[in-house]
Amino acid sequence: MALTGLVLAGFVLGHMSGNLLMFKGPAAINEYAKWLHDHAGLLWVARLTLILSVVAHIWVGIQLTLENRAARAGGPADEATRRASTASRTMPYSGVVILAFIVFHLLHFTFRTVALGGMTFGDDVHAMVVAGFSSKPVAVFYIVSMLLLCLHLSHGVSSVFQTLGLRNERWRSRLDGLALAYGWIIALGFISLPLAVLTGCLK
Amino acid sequence: MNLDSKIPAGPLVDKWNNHKAKLRLVNPANRRKYHVIVVGSGLAGSAAAASFAEMGYEVSCFCYQDSPRRAHSIAAQGGINAAKNYQNDGDSVRRLFQDTIKGGDYRAREANVYRLAQVSTNIIDQCVAQGVPFAREYGGLLANRSFGGAQVSRTFYARGQTGQQLLIGAYSALSRQIGLGTVKMYTRHEMLDLVLVDGKAKGIVTRDLVTGAVESWASDVVVVCTGGYGNVFYLSTNAQGCNVTATFRAHRRGAGFANPCYTQIHPTCIPVHGEDQSKLTLMSESLRNDGRVWVPKNKADCAKPAAEIPEEARDYFLERKYPSYGNLAPRDIASRAAKEVCDEGRGVGQMVDGKRLGVYLDFSAAIKRLGEPEIRARYGNLFDMYENITGESAYKQPMRIFPAVHYTMGGLWVDYNLQSNIPGLFVGGEANFSDHGANRLGASALMQGLADGYFVLPYTVTDYLAGVPIGSRPSKEAPEFKAVTKDVNDRVAKLLSINGTKSPRQYHKALGKITWEKCGMARDKVGLTQAVAELQALRADFWKNVKVVGSGDALAPELERAGRVADFLDFGIMMCLDALKREESCGGHFRTEFQDSGEAKRDDAQFAHAAVWEWQGDGQLPVRHIEPLVYEETQLSTRSYK
Amino acid sequence: MVQENEKEVTLALKLRVWRQRRCQPGAFEEHALAAVPTSASFLEMMDMLNEQLIKAGKDTFAFDHDCREGICGMCSMTINGMPHGPLPGVTTCQLHMRNFRDGETITVEPWRARAFPVLKDMIVDRSGFDKVIQSGGFITVRTGSAPEANNIPVPKPVADEAMDAAECIGCGACVASCKNGSAMLFVGAKINHLNILPQGQAERDRRTLAMVKTMDEAGFGNCTNYGECQAHCPKSITLDVIAKLNRDYLRARVKEFFSSTGKPSKGGD
């Protein structure tokens, strides 16, 4: 979970930074997209790594969840929670929503087969994004998903340190804070686009 | 009754080494042909079972707990003694020997005690290598602290949980052997009888506490390390499950029981709070290193909070009476001194039955001197435990303590080889009577348990097995096994069938009330005579009116308790008889008729012996035999800690 | 502080207690106790309930308990959904009734985890823990083969750290409180105690791999860093031991991967 999670957490940072080029104007983002496509080899290496990570992350996640449910054997009749955070307890759920989001997102902006009203944009990524987020429900789905990603990351990123043995009592709360901050940076970075389109800042 | 102590000839210092050199050996290839049964998995049992398995014997180990790691050795807090002299304060094997003999009020066997002091140093080596996290100094070497009854610092410790750490060490050695398949571990199994074939111990009968199955096990030798009988007093610092059944069943099969009246009352326990109390909690004796024991000088001050009693109105009675040992006076002496001041009406704390049974253990001076963080580092977990139980913080106000039954020096009689008078029955740890005389010094129980288990039994049991023909182990289909199994089944059925009106716990409480009042910290002829009669009546009532709920073929805690209480009842009678017949005061045995203004008055001419009791059958009183104690190197003197 | 002949404060309690026979389904039974002194321990309250049941001719509730001073690790009850009850940092036997309110309903049930099957009522089988220790929770040292104790200096901070981990009493509250039924806190504590000390280095990798393998086979769940175990541990053992277990496990796996035999360096047998 930790290693694949680390890859994915790194990826969202890269993806989010790239997205922010939207604010620099159509030329910047389109050039960036073109640059990516010109380096097809590199792109495919990245894509393959991502696909493998996602598949492994999901596979291990499902296994863990099933194993852990079975190991718990139902738990006590009236279960009390002392410390476990909401984020930690909702990882499978936030994960499922994020997965659904990814599928939608790929169909939306990569394969461009849904929710774009049948328009084609060619190499104009900027126009595509603006068009994509002009639909309110789509934008809201993006925003909600990104907030869940924030939740997912706030537990996940801190857990990476624990799993790799790089966390202790002294650093725990700092790392938890760091993870939360990371989650918010990613989420706000992503959310800024649909929000900007919805509010008309980005056309 | 054959009570040959088999003490080797020669000078005291050489006895053990000479003896070891003469003990017979078993060829490594033949060792797996012998089956050794070890009952109990505390320090002595775990250490012995692991050592036997390492040597190559086939070992089976039994305990009533759900894991061998839970045996009550785990609760020892303060530490373990060893004559390492790491503190350069003049310690030596001879000095540890002398302290232990004197601490035991000259009622222990010289040769056994000397051996104990000799092997004490090996124990520390063994435990450190196993990873026991003893306290260290900044240089990385082992730290020590001082303990009651000694003027040197020879106690090794691991915070307030030395017993747990040592037991985890022994348990890990045992676990390694279980993992390797050389020890078969039977948890939740209680030994309910001993099987003799041709007068030799050849196996045991157990009850599986989960399924209720009564099974027999054949072996070439039986090693019993099942601890002491402190729960005969109902309220004690022992674990709830601690019982006399294994040793008492062996006693009923012919093993002599030595000095049952030697019981130790520990001075630093949390006072009794109420009727429904099930257990007394010990606060480690190590607290007396930094705590000062006192009561108000005037009775009138007893109801006041401690803080309102000025320094000059406080009586630091241990420091006053025993200036050279002060608050570190041995346990029996400190306990009696506390009882005395409470009897004078100067006790503190809650009034129970018109008496305040408690004295202060005050850390304010130490906190002032060393600072609260240092005290917290030394005793933090003990202070927390005290606060949990009483709801009071010992950082802010003095602890209240009172003596409670803690350890029993008596046990099955054994010779120098730790073999009972039944050939093939060996007894280790608190279950035997060998090393502590009439009183045990602090931090010596752990030492004795591990000494027996690691460094004595492996040699002496091997010597015994060398004389057992290979292949002579009886089958458990033998008539002797069938007969004992039937006895056990009958007894279980009988307990379940009485269906009376009173619970086993009620009998246990009644038993404890009699033994504590009449055979507790102070005893006398009248009380003890009454106690014997009352216990006989209680025993008769038990077998008529006890109600045991549950069923024989499942987990039945009430059945377990009933069986143990039944044995305690028989045992209690023997303990009171022993106290009655020992017409002197020594160590933990204090007869009010025999005292020198509060100090125990021994009678060496009449009683320099171990009293060994022989079972005579149900309803009969046991018969007393003696093993004279011969002192070759020790000058018997009045024990003084003044 | 000093209460003179003070009448003891008592509580009236309603109890929902789990009743179950081995290999059969269980259910809650409801009982009431009229006057429980606040100075009594939780187990003493259970004793009172059992005595009441005996008087009524009913079977008692079975529960594990032994030392009743918080060190043997035998007692194991889930009280109001919390292993060892509402007071952090104590075992069930050290929980006193002054922590409850008059008229309160208390739910008492066993440790709940697949790896701890119920034997009767509140008694569960925790032998999985023993199996983990048997697979590697030791330093191999034969009786009598140890070097002089002070030949192995152990820096005080290292000894203290080992001692922090060694405080684990093996009660299983970590497993019972974990929403995954994971035993990582227990195994982490045990591995840390030995892996930190100089004496434990020879078998470090072997120990770590073996104990983790046995833990997985025993049916415990996986750690997902909830932190409930630390919050319910009566000895307040921290998640640090899990982090260090993870580190040691990674280290051992990497070394195993690159070793010529594909096996961790052997110690002992």
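How many helices and how many strands does chain A have?

A: Chain A has eight helices and zero strands. Helices here are DSSP runs of H or I of at least four residues, and strands are runs of E of at least two, numbered from the N terminus. Along the sequence, chain A therefore reads α-α-α-α-α-α-α-α under that definition.

The model is predicted: local features need pLDDT of at least 70 and side-chain atom pairs count only at pLDDT 80 or more, while totals for chains, interfaces and linings use all residues. Residues are numbered from 1 along each chain as its sequence is written, and chains are lettered from A and ligands numbered from 1 in the order in which they are written.

Along its principal axes, chain A has C-alpha atoms that fill a box of roughly 55 × 35 × 30 Å. Chain A holds 203 residues, and 26% of them count as buried. A residue is buried if 20 or more other C-beta atoms lie within 10 Å of its own, exposed if 12 or fewer, and partly exposed in between, with C-beta atoms placed from the backbone. Two residues are in contact if their C-beta atoms, placed from the backbone, lie within 7 Å. Among the contacts in chain A with a separation of 6 or more, 77% join residues 24 or more positions apart.

From here the view moves to the neighbour of chain A. The contact between chain A and chain C takes 28 residues from chain A and 35 residues from chain C. On the chain A side, α3 (40-72) and α7 (136-163) each supply at least two residues. The helix that gives the most is α3(A), with six residues. This side of chain A has ten nonpolar, ten polar and eight charged residues. In this grouping Ala, Val, Leu, Ile, Met, Phe, Trp, Tyr, Cys and Pro count as nonpolar, Asp, Glu, Lys and Arg as charged, and the others, Gly among them, as polar.

Chain C contains an open sheet of five strands in the order β2-β1-β5-β3-β4, with mixed pairing. Two strands pair if DSSP finds at least two bridges between them. The edge strands, each pairing on one side only, are β2 (27-37) and β4 (82-83) of chain C. Strand β3 (residues 78-79) of chain C runs antiparallel to β4(C), and two bridges join them. In one of these pairings, Ile79(C) has Met82(C) in β4(C) as its bridge partner. Helix α1 (residues 42-55) of chain C packs on the sheet and touches β1 (10-19), β2 and β3 of chain C, with its direction at about 105 degrees to that of β2(C).

Helix α1 of chain C is also where Gln52(C) sits. Gln52(C) is partly exposed, because 16 other C-beta atoms lie within 10 Å. Gln52(C) and Leu33(C) are 19 residues apart along the chain, and their C-alpha atoms are separated by 8.5 Å.

Chain C also meets chain B, with 73 residues of chain C in contact with 73 residues of chain B. The elements of chain C that give two or more residues to this side are α1, β6 (118-120), α2 (127-136), α3 (156-166) and α5 (184-196). The largest share, six residues, comes from α1(C). This side of chain C divides into 33 nonpolar, 19 polar and 21 charged residues.

The axes of helix α6 (residues 162-180) of chain B and α2(C) come within 7 Å and cross at roughly 85 degrees. Hence α6(B) is roughly perpendicular to α2(C). Angles of 65 to 115 degrees count as roughly perpendicular, under 35 as roughly parallel, over 145 as roughly antiparallel and the rest as oblique. Axes are lines fitted to C-alpha atoms, for helices over the stretch in contact, and angles run from 0 to 180 degrees between N-to-C directions. Ser172(B), Ser175(B), Ile178(B) and Gly179(B) in α6(B) meet Asp130(C), Ile133(C), Gln134(C) and Ser135(C) in α2(C). By class, the residues of this contact are two nonpolar, five polar and one charged.

Elsewhere in chain B, strand β1 (residues 35-39) is mostly covered, with five of its five residues buried. On one side of β1(B) are His35(B), Ile37(B) and Val39(B), and on the other are Val36(B) and Val38(B). Strand β1(B) runs parallel to strand β2 (residues 58-62) of chain B, joined by five bridges. Val38(B) stands opposite Cys61(B) in β2(B).
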